[in-house]
Amino acid sequence: MKNDNFSKKGRTVSSERINSAEQQSQLVSKLQNGIKNDELSLHYQPRFDAITGKADVLEALVRWYEPGVGLFYPEVFISPAEENGLIFSLDLWVFEQCCKDLLQLQQTINPNVKIAVNISVLTCESIYYAQKIIEISERHNVSLLDFEFEITEATRVHDVRKVIAFCDTLKIYGATFCLDDFGTRQSSLLNLQKLPVTTVKISQQFVHEIGQSDQSETIIIGLIRMIKDLGMQSVAEGVETNEQYWFMREAGCDQLQGFLLGRPLRFMQLKSQSLEEPVIESC
Ligand code: C2E
Ligand code: CA
């Protein structure tokens, strides 16, 4: 079971409980209402700069609390939402909420804080949604300079040219892009070569092998060097142990993120201290 602050307050609905086609379609129609009725919420997890120890970026992670049922994590509802075309309204809801939260965060916590928004590659295949994102940001008076979009490779990129057009449109307004969960898909290197990303997130699947597999450690060192040589920033996701933290730092990774450094927090729980890296003892 997932373990972040929300789950202590109520029941968490796990993916094992939603397996039949009928349950999936019920889930999708409830999610549709959930988006309309503002049942979604965002948690924020800091990404720390390896040199300064400060977090200038907070990653938004969506949660769905269905009244009377419980809390759903994205692993339960993102894939069904992608399969049923609901992901577009979900991604736009998330972006709009991020715009509202950004203004408050910049006023109360740190004027330079940015938000990293997870966005489905399906949304990135339509220029229409790039226009919607521009429209929403203008409506809320926020600059796209303060947003990085984390494009997850969980879904296959169907037409990379459309994703490039999406990114190029938003780049004009200052948005930046990150390739998420890097290294876990067949097309990782091709996407890295083609997409105009400035940041690459090394999948936690690699990070969790540190100390267990020499091969994974060699791959991580090679990935960090390659990302640097391409002029991009590397982020380690899923850092859970002191050993993983020190390994990634010594390998030259630019940013670090994970439960060891800071768990995803509800908006109301965020404080200036949430952006300060805790002291991690060397091992
Ligand atoms: P992701 O973008 O790779 O996000 C990282 C996931 O790992 C998050 O799970 C986060 O809570 C979890 N995590 C962070 N640090 C650690 C750690 O140290 N150890 C472990 N074991 N896990 C850690 P979460 O929030 O359940 O999100 C799962 C996935 O759902 C995300 O993976 C992302 O692909 C997708 N997702 C989340 N929010 C959104 C959203 O707003 N829109 C879209 N389209 N997808 C989203
Ligand atoms: Ca992400």
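Visitor: What makes a residue part of the surroundings of ligand 1, and how many residues surround the ligand?

Guide: In this predicted model, 26 residues surround ligand 1, the closest being Leu 61, Val 62, Pro 74, Gly 258 and Phe 259; they are counted because the C-beta atom of such a residue, placed from the backbone, lies within 6 Å of the molecule. Strand 3 (55-66), helix 2 (74-83), helix 3 (87-108), strand 5 (114-119), strand 6 (147-152) and strand 7 (176-182) are the elements that give two or more residues to this shell.

Visitor: How do the residues of the shell around ligand 1 divide into nonpolar, polar and charged?

Guide: The shell holds 12 nonpolar, seven polar and seven charged residues.

Visitor: Why are strand 2 and strand 3 said to pair, and in which sense?

Guide: Pairing requires at least two bridges between the strands, and strand 2 (residues 40-49) and strand 3 have nine, in the antiparallel sense, so they count as a pair. Within this pairing Leu 42 stands opposite Val 62 in strand 3, and in the hairpin of the two strands, with five residues between them, Gly 53 takes a positive phi near 75°.

Terms used: Residues numbered from 1 in each chain as written. Chains lettered and ligands numbered in written order. Predicted model: local features only at pLDDT ≥ 70, side-chain atom pairs only at ≥ 80, totals over all residues. Helix = DSSP H or I, 4+ residues; strand = E, 2+ residues; numbered from the N terminus. Nonpolar A, V, L, I, M, F, W, Y, C, P; charged D, E, K, R; others polar.
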